[in-house]
Amino acid sequence: MEEEFFLLLAVVATATGLLVVVAKNPIHSALALVACFVQVAALFILLGSPFLAVIQIFVYVGAVMVLFLFVIMMLDVQKEAKTRFLTPGAVPSLIVLLLLAGEMLFLLLQSDRLQTFRAASPPDQTQTPADISELSLLLFQDYLLPFEVASVILLVALVGAVVLAQADPEDNTHTSGEEAK
Amino acid sequence: MIPLSWYLILGAILFATGAAGVLLRRNVLIVLMSLELMLNSVNINLLAFGHQMQDLRGQIMAIFIIAITAAEVAVALGILVALLRNKHTLEVDDLTIMKG
Amino acid sequence: MESVIAILPLLIKMAVIVAVLLLLPMPLTWLERKIAGHIQQRPGPMRVGWHGVLQPVADAIKLLTKEDHIPAEADRLLFKIAPIVALVPPFVVFVAIPFGEPVQMFGTEVTLSLSNMNVGLLFILAVSGIGVFGIILAGWASNSKYAVLGSLRSIAQMISYEIPMGFSVIGVVMLAGSMNLFDIVARQDGLWNIVYQPIGFFVFFVAGLAEAQRIPFDLPEAEGDLGAGYHTEYSGIRFSFFMLAEYLVVVVLAILNVILFFGGWQGTPPLVNPILWFFLKVGFFIWVFMWFRFTFPRYRYDQLMTIGWKVLLPLSLVNILVSGFFMF
Amino acid sequence: MARTMTNKSGWIGKVFFLDLLHGLSLTLRYMFARTVTHMYPDHEKWIPYSRHRGHHFIKTNDEGDVNCVACELCSKICPCDCIIVIPFEDAKGNRRPQVFDIDLARCLYCGLCEDACPADAIKLGQEYEISATTTEALVVHLEDLIAAPGKAENGGQVMPAKLITPDKTALKKTGKDTRTHSVTVEGTLKAAEGYDWWQRIRK
């Protein structure tokens, strides 16, 4: 049962991930990315971390992608719909890409360490998935400093985004609809 | 029980897809979205290893990645809006003023 | 075969919930129109059936037989899937919602929820947060000025009010020490949370009104200035999907208010079934939402943002601080 | 009813939303108050005041002849030319209208014909249910005008009434609706049965 679910989710995630890259209209890519994130959240549940799955939906789908769509809707996407992206100039990057993908897959399929690792430590299936309280204890005891640093980074990003998106006071030609963020 | 390598292969595929988006697309928005995809594939890897080893630190790392991603997206979209206001373009090829 | 029998109660529960939810908006529209009428000193619908109880049926038939119109310049695929995308999250939310203590039925114990997940509250908040995608899609795909304006407003509003809404429930989670909704209800055995968390309840209630886009925060679909906002271009069955989603969000909010702050099925008076008591409370909140709707005028856009960021957000933070102080 | 509490109550009122609560209590009182709706056309019908200018009628004298002397002043003064009068001389040698048509679709119910009439013949009554499905049906003739209800003495009251839809079978048979000019009929027109609608309005 679990394998079937994984395969389904993985196939949909891969397909929507590809759609993100090949869709002409940015709003279609954004929606494909939303679908992909939802699949990944479901995979997180399979991985025994429902908290991360919910956070994934909350932050990625509910906030980040909504911001993306907000920006896309404020911009003109008509021009992009006409441009081609597989230009001759993209050939070197395509080669690099194929090399990268091939290398990763090769290493994954051929690596002895991965095989031995799998053989060495079979995961304990009888253990119940970790509770959120354990997670939070770990986060707020051992990882308190990184947590605080992350929150400061978020604050800085908040202030930075507001300053960046603010229209110049002298420049009245543009409406300032971005403060809503 | 799903083998660990399945998750790793899925992560690799998503990472390669995201890299393709970053390298091949010229639209800043889609480049940003592809970056999100790559970060997500990293999260899958972290959680898969954490699950395999019954170690919560994988989840902790994933939480940090998600938090930092949110910050990154806010700043990036702010830059993007400012960019559009000043340069009126979203093509990465047109944004070359930093070139020496 | 055994696995089928194992999940049979789950399937039955799912079927019951989906059927009830699909039919629930019909009495709710009737109730809303009746309440609107009586607040304005008129009787409301009276002609179809006894006191107009069959009016929703007539409305449904009208909506189903209407022409399904798609604007010429619309993004057809997105236009078609937007109502479904809007409808799914309110249904998914019900996966995590409990309706009462487990009951004995046909010799087995039946839990009155689809899934007893330990991140239930966070799940509900997250899933109701993605309800905005239907609105975004509808607004964008319609290729109409009013629709786009409505969905832009709605995005800004949803993002702004999700934050105080999330913060306001933290007090409740702190009191219960759990995000499981059963635990939260069990915690309110003696006194309801409203006693400990009046500010939290206030913030949650107001932010909930804004999240459901009810008056006085219904700017995304302000008839006066936007036509009908994001669903201006929709007609017939697709429009009814949006209506359905709207009413379900109201129901979800009423249930959440009851579970988080009014003790769920706790505090049942004698001779009343706890589950009935729970639904009575939910009905009371639905009535309150409708009462608000026909009492208050719509806020201006800048007032909306001011309330969200400068009033509710500080209030919810103060609430967390104060409850943390008292618990310590 | 426009009472504002915000100015009076100061910051306490602002903190506890006294103005919002006041609005809520007002609507709550309304919610359980009696409704003021006319149950028109199912159960009740509003009879307008006698100053109302509705459907025209033509008065008759004691012998049953119309008062009208077909002087055509009404049709002359009519600002929208909706009255057609063709005179003829009856058996007694009086000048009477042979044709007296009013096109209700064009009439603006200004009442000038009433003022112009030297013989106290044409009046505007209180009947307002004059809708029809064809414009032809809106042209009323002399006999309709004579038969039309005159001034009601119970103006300003809500009277019991009953909805009577056009007779479908008669419509099919004759191709003409027998009751073009009224969808409701009053049960009884005794003034005692009606009530003053304004008594229901909260002052």
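C:Phe285 counts as buried because its relative accessibility is 5% (buried is under 20% relative accessible area, exposed over 50%, partly exposed in between, with a 1.4 Å probe and protein chains only). Bear in mind that this is a predicted model, where local features need pLDDT of at least 70, side-chain atom pairs count only at pLDDT 80 or more, and totals for chains, interfaces and linings use all residues. Residues are numbered from 1 along each chain as its sequence is written, chains are lettered from A and ligands numbered from 1 in the order in which they are written, and side-chain values use heavy atoms, with hydrogens and water left out.

**Aromatic pairs in chain C**

- Over all chains there are 31 aromatic pairs (rings of Phe, Tyr and Trp, the last by its six-membered ring, with centres within 6.5 Å; planes under 30 degrees apart are stacked, over 60 edge-to-face, the rest tilted).
- One of them is C:Phe262 with C:Phe285, edge-to-face at 5.1 Å centre to centre and 65° between the planes.
- C:Phe262 sits in the loop between α13 and α14 (274-293) of chain C and C:Phe285 in helix α14 of chain C, so their pairing ties together parts 23 residues apart in sequence (helices are DSSP runs of H or I with at least four residues, strands runs of E with at least two, numbered from the N terminus).
- C:Phe262 also counts as buried, at 18% relative accessibility.
- C:Phe285 forms an edge-to-face pair with C:Phe284 too, at 5.8 Å centre to centre and 85° between the planes.
- C:Phe284 is partly exposed, at 44% relative accessible area.

**Cavities**

- Searching the whole structure turns up six cavities of 30 Å³ or more (on a 1 Å grid over the protein atoms alone, a cavity is a set of points where a 1.4 Å probe fits but cannot get out; lining residues have an atom within 4 Å of a point).
- The largest cavity holds about 320 Å³ of space, a volume being the space filled by probe spheres set on the points, which are joined across faces, edges and corners.
- Its lining has 21 residues, and the closest to the centre are C:Gly131, C:Met158, C:Glu211, C:Ala245 and C:Val249.
- α13(C) gives the most to that lining, with seven residues.

**A helix in chain B**

- Helix α1 (residues 4-24) of chain B has 21 residues and spans 30 Å from first C-alpha to last, close to the 30 Å expected at 1.5 Å a residue (1.5 Å times one less than the number of residues).
- α1(B) is mostly covered, with 15 of its 21 residues buried.

How values were computed. On a 1 Å grid over the protein atoms alone, a cavity is a set of points where a 1.4 Å probe fits but cannot get out, and a pocket is an open set with protein on both sides within 12 Å along at least five of seven lines; lining residues have an atom within 4 Å of a point.
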